[in-house]
Each structure stands twice: as C-alpha cells, then as structure tokens.
Amino acid sequence: MTGQFGAAGALAVATAVLALARGAVPPTAGCRTCRRGDLAVVRDAPLARPLRTAVVDGIARGGACRPLRLRTP
C-alpha cells in the first residue's frame, strides 16, 4: 500500500515497528471483500494480537525483492 521500496519502504518499516510496539495488526487498505475463505484479512480496524515478528516485503522495479524481518527482543 505504501509504494515501492525506497522512501516508501521507510514508511512501511515505521508501520511495522509501530505494529510490533502496539501489539496490533494494521488493517489492509482498500480491502472490502475476500474471495478466499481460508485467508485471514484484517479489515476496518487494527486487530490486537501479541506480535513478535513483522516482515516488510520490499518489491522494486525489475523484480528486486528485499524482505526485511523485524523482531521484538
């Protein structure tokens, strides 16, 4: 939702850090319906959960993919 890796990637990392600090999974932006019944999608409001790990998937032009894993101590 935040765009390609780079400056937008910093925003995605900040969002992941806040999610870990607050213990809440942020909702998926723009998601109104889900066609797969077995896929858990967070809609409308954050979902409180004890979180230990977050992954920011940085996909850029040309197929470069740089996932970043963040973990709480």
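## Strand β3 and residue V55

V55 is found in strand β3, where helices (H or I, at least four residues) and strands (E, at least two) are DSSP runs, numbered from the N terminus. The model is predicted: local features need pLDDT of at least 70, side-chain atom pairs count only at pLDDT 80 or more, and totals for chains, interfaces and linings use all residues. Residues are numbered from 1 along each chain as its sequence is written, and side-chain values use heavy atoms, with hydrogens and water left out.

V55 has a relative accessible area of 57% and is therefore exposed. Buried means under 20% relative accessible area, exposed over 50%, and partly exposed in between (1.4 Å probe, protein chains only). Leaving aside neighbours within four places in sequence, V55 is in contact with P67, L68 and R69, contact meaning heavy atoms within 4.5 Å. Between V55 and R71 there are 8.8 Å in space, C-alpha to C-alpha, and the two are 16 residues apart in sequence.

The side chains of β3 alternate along the strand.

β3 and β4 run antiparallel and are joined by seven bridges; two strands pair if DSSP finds at least two bridges between them. R69 in β4 is the bridge partner of V55, and R66 in β4 stands opposite G58.

The two strands, β3 and β4, form a hairpin with five residues between them. In the turn, G62 has a positive phi of about 85°.

## The chain as a whole

The chain contains one helix and four strands. Read from the N terminus, its elements follow the order α-β-β-β-β. The C-alpha atoms fill a box of roughly 35 × 30 × 20 Å, taken along the principal axes.

Of the 73 residues in the chain, 19% are buried. The chain exposes about 5,800 Å², of which carbon and sulfur atoms supply 57%; accessible areas come from the Shrake-Rupley method with a 1.4 Å probe, and for residues only the protein chains shown count as cover. Among contacts between residues at least 6 apart in sequence, 38% join residues at least 24 apart.

## Helix α1

Helix α1 has 16 residues. From its first C-alpha to its last, α1 reaches 23 Å, close to the 22 Å expected at 1.5 Å a residue; the expected span is 1.5 Å times one less than the number of residues. Just after α1, G23 takes a positive phi of about 65°.

The buried residues of α1 are A8, G9, A12, A16, A19 and L20. They lie on the same side of α1 because they cover an arc of only 125° around the axis, the arc being that of the directions from the helix axis to the C-beta atoms. An α-helix has 3.6 residues a turn, so residues three or four places apart point the same way. On the other side of α1, A7, A21 and R22 are exposed. The buried residues of α1 pack against β1 (24-25), β3 and β4 (65-71).

## The nonpolar core and L20

The largest nonpolar core has six residues: A12, A16, L20, A54, V56 and L70. Such a core is a set of buried Ala, Val, Leu, Ile, Met, Phe, Trp, Tyr and Cys residues joined through side-chain atoms within 4.5 Å. α1 (7-22) and β3 (53-59) each supply at least two residues of this core, and the largest share, three residues, comes from α1.

L20 has its place in helix α1. Its relative accessibility is 13%, so L20 counts as buried. Not counting residues up to four places away in sequence, L20 touches L51, R52, T53, A54, L70 and T72. L20 and L51 are 31 residues apart in sequence, and their C-alpha atoms are 5.7 Å apart in space.

## The loop residue D44

D44 is found in the loop between β1 and β2 (47-48). With a relative accessibility of 69%, D44 counts as exposed.

Most residues other than glycine have a negative phi, and most peptide bonds are trans. D44 has a positive phi of about 70° although it is not a glycine.
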